[in-house]
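Good morning, and thank you for coming. Please look at the model on the screen while I speak.

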Amino acid sequence: MMRSIRSFLVERLLVLTKKKLNVDDYMEERGIINSLPYVLPVKLKNKYKIIKDNNLPIDTYILKSDSQSDVRIILYLPGGGYVEQPLTWHWHFLHNLTQQLNCTVYAPIYPKAPTYQYMDAIESVLSIYKQLLEIAEPENIVLMGDSAGGGLSLAFAQYLSEKGLPQPGNIILLSPWLDITLSDPEIVAMIDKEPMLDWEVLVEAGKRYAGETSRTHYLVSPINGDITNLGKISLFIGTHEFFLPDARKFKEIASQKSVDINYYEYPKMNHVFPVFPIPEAKKALKQIISIIKS
């Protein structure tokens with residue numbers, strides 16, 4: 001499969017703009033920022049007609065299609081290594097999703113490390129999910145997330161199963177962070193080739209997110225959890241990212257457990273490629289829409 005020129009250029013830009021961070025300084029900075037409320041830039045709010053719902057338990061932003069939305073609702077958990085808030089390309093992607101699927105998207109600003117830990121995030125998402133169950137049937141709810149948001153999405157679905165609560169109809173994971181230890185030797189071997197992610201920063205972020213809990217616990221590393229009796233799982237991953245080995249491992253686990261999942265591995269694509277302005281992302285979005293509509 002030939003990659004597009006645009007995807008190559010985007011990846012080169014990621015490499016050129018990737019900065020080496022001092023981990024301790026970065027975590028201190030994120031702690032200060034994440035203790036303050038998230039503020040959606042006015043330009044993005046107006047451009048994509050994003051509404052903040054003040055009646056929900058935590059800050060949650062809503063995007064709707066220009067035409068009458070159908071019954072489908074997407075609960076989207078943006079990534080960011082459990083320490084970063086949503087970025088511009090998250091809102092662009094969600095806008096495209098609402099317009100093409102004719103749906104409503106809810107994007108909660110779940111608590112972030114190092115100020116908060118995993119149960120803070122899970123409980124906040126649960127508070128929104130329970131509200132959505134009052135206005136939609138579970139099968140019409142899509143749980144979706146990218147990177148850390150993908151890991152949280154899977155962990156949250158496992159948490160729902162543990163608590164005996166209804167599963168969403170679909171669970172769609174974009175380059176999910178499935179094991180916060182990032183200890184697989186294949187991942188370590190990819191560190192210098194990863195164009196976007198910083199291994200040291202992520203490992204430390206994972207430690208802060210887990211807090212006193214073991215980093216192998218399924219609610220922080222959902223690859224270790226039970227994936228039976230969950231909603232329909234779909235996973236998108238690129239081969240130019242070091243979440244790839246764990247994604248492949250997850251696919252094998254699903255096969256061993258006789259759990260049928262949709263697995264899409266895109267050659268030469270970088271981390272969370274479906275949200276970037278590249279042709280491969282358009283193809284992935286069409287597949288996502290097809291999954292939800294089927």
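This is a predicted model: local features need pLDDT of at least 70, side-chain atom pairs count only at pLDDT 80 or more; totals for chains, interfaces and linings use all residues.

Residues are numbered from 1 along each chain as its sequence is written, and side-chain values use heavy atoms, with hydrogens and water left out.

Let us begin with the sheet. Helices (H or I, at least four residues) and strands (E, at least two) are DSSP runs, numbered from the N terminus. Two strands are said to pair if DSSP finds at least two bridges between them. In what order do the eight strands of the open sheet stand? The order is S1-S2-S4-S3-S5-S6-S7-S8, and the pairing is mixed. Strand S1 (51-53) and strand S8 (262-266) are at the edges with a single partner strand each, so one side of each has no neighbour in the sheet. From one strand to the next, the twist averages 20°. Angles here run from 0 to 180 degrees between N-to-C directions, and the axes are lines fitted to C-alpha atoms, for helices over the stretch in contact.

Within this sheet, strand S6 (residues 170-174) pairs with strand S7 (residues 232-238) in the parallel sense, over five bridges. Ile172 stands opposite Ser234 in S7. Helix H10 (residues 279-293) lies across strand S3 (73-77), strand S5 (141-146), S6, S7 and S8, and runs at about 175° to S8. Contact, in this setting, means heavy atoms within 4.5 Å.

I turn to the salt bridges. A salt bridge is a side-chain nitrogen of Lys or Arg within 4 Å of a carboxyl oxygen of Asp or Glu. By this rule there are eleven salt bridges. One of them joins Lys20 and Glu200, whose closest N and O atoms are 3.5 Å apart. Lys20 lies in the loop between helix H1 (5-17) and helix H2 (23-34), whereas Glu200 belongs to helix H8 (residues 199-210), so the pair ties together parts that are 180 residues apart in sequence. Are these two residues buried or exposed? We call a residue buried under 20% relative accessible area, exposed over 50%, and partly exposed in between (1.4 Å probe, protein chains only). Lys20 is exposed at 63%, and Glu200 is partly exposed at 43%.

Helix H8 also holds the pair Arg208 and Glu204, four residues apart and thus separated by about one helical turn. Their side chains meet in a salt bridge of 2.7 Å, N to O. Arg208 is partly exposed at 28%, but Glu204 is buried at 18%.

Another salt bridge links Lys52 with Asp59, the closest N and O atoms being 3.6 Å apart. Both count as partly exposed, Lys52 at 33% and Asp59 at 28%.

Finally, I return to helix H1. Thr17 has its place there and is partly exposed, with a relative accessible area of 47%. The C-alpha atoms of Thr17 and Met196 are separated by 8.8 Å, although these residues are 179 apart along the chain.
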